[in-house]
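I opened my notebook to look up a few things in a new model. Here is what I wrote down as I went along.

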Amino acid sequence: MEELHSETQKAEPEPSPKIIGLTGGIGSGKTTVAHFIEEFGFPVYYSDDRAKTIVNDNEDLKIKIKELLGEKAYDTNGQYDRKFVAEKVFNNKEQLHELNEIIHPAVKIDFEEWLKKQTQYLVFKETALLFELKLNKQCYKSLLVTAEDNIRAKRVMDRDGKTYREVESVMEKQMPEKDKIKMADCIIYNNTNLEDLKEQTERIIFSIE
């Protein structure tokens, strides 16, 4: 009878974490949900925050962004001028698309490096443009945080001191909530209070298999 040698047996590969795309429009409470998820022990990659860092740290991106939007895209200290850039691309879909084409591949590489270090069976990728950029296709599931438009608007007005019209103009530029709801695998409705929001978050994330 032939003897089996353990050294010739292939080790089972480590299972890859399942990526859950986390998204939500302005004032939805997406960031609050992300913090709850971390409290429950799951890592969250904050795409939007990482993008803010990458545009300052990556010299190649700086050059490309300046070529697209001009030298004023960075201030006198060499820091990305978010206010200038936001105003520049707000009503220019073509420039916004080109800017995303520059930034998002770099964020993708950064996320992949982060993913290699994770050990939990679920990881969450927070991004405002999950459906707009079809990033949900790269995820195991998508999780949408949503709320009624008037509630979202009031939250942003209270938080940022903006007028209703200013908030409305931002919301009009984003994908309609009804379209996101159709595309999402899991939905959290943030229309009441933090306790309810936390309970919904816990129930949904621990039901993902």
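**The sheet.** I began with the strands and found 5 of them in an open sheet, ordered S2-S3-S1-S4-S5, with parallel pairing. I noted that strands and helices here are DSSP runs numbered from the N terminus, with at least two residues (E) for a strand and at least four (H or I) for a helix. Two strands count as paired if DSSP finds at least two bridges between them. Strand S2 (44-46) and strand S5 (186-189) each have a single partner strand, so they stand at the edges and one side of each has no neighbour in the sheet. On average, neighbouring strands of this sheet are turned by 20 degrees against each other, direction ignored.

**Ground rules.** I reminded myself that this is a predicted model, where local features need pLDDT of at least 70 and side-chain atom pairs count only at pLDDT 80 or more, while totals for chains, interfaces and linings use all residues. Residues are numbered from 1 along each chain as its sequence is written, and side-chain values use heavy atoms, with hydrogens and water left out.

How many bridges join strand S4 to S5? I found 4, between strands that run parallel, with S4 covering residues 141-146. One pair I traced myself: Val145 has Ile188 in S5 as its bridge partner.

**Helices on the sheet.** Helix H5 (residues 93-115) lies across strand S1 (18-23), S2 and strand S3 (122-126), at about 160 degrees to S2. Helix H9 (residues 194-205) lies across S3, S4 and S5, at about 170 degrees to S5. These angles run from 0 to 180 degrees between N-to-C directions, with axes as lines fitted to C-alpha atoms, for helices over the stretch in contact. Contact means heavy atoms within 4.5 Å.

**Ser47.** I then picked Ser47, which lies in helix H2 (residues 47-57). Is Ser47 buried or exposed? Ser47 counts as buried because its relative accessibility is 5%; buried means under 20% relative accessible area, exposed over 50%, and partly exposed in between (1.4 Å probe, protein chains only). Leaving out residues up to four places away in sequence, Ser47 touches Val107, Lys125, Glu126 and Thr127.

**Cysteines.** I searched the whole structure for disulfides (pairs of cysteine sulfur atoms within 2.5 Å) and got 0. Cys139 is in none, and the nearest cysteine sulfur, in Cys186, is 12 Å away, which is too far for a bond. Cys139 is buried at 15%, and Cys186 is buried at 16%.

Lys134, in the loop between S3 and S4, has a positive phi of about 60 degrees although it is not a glycine.
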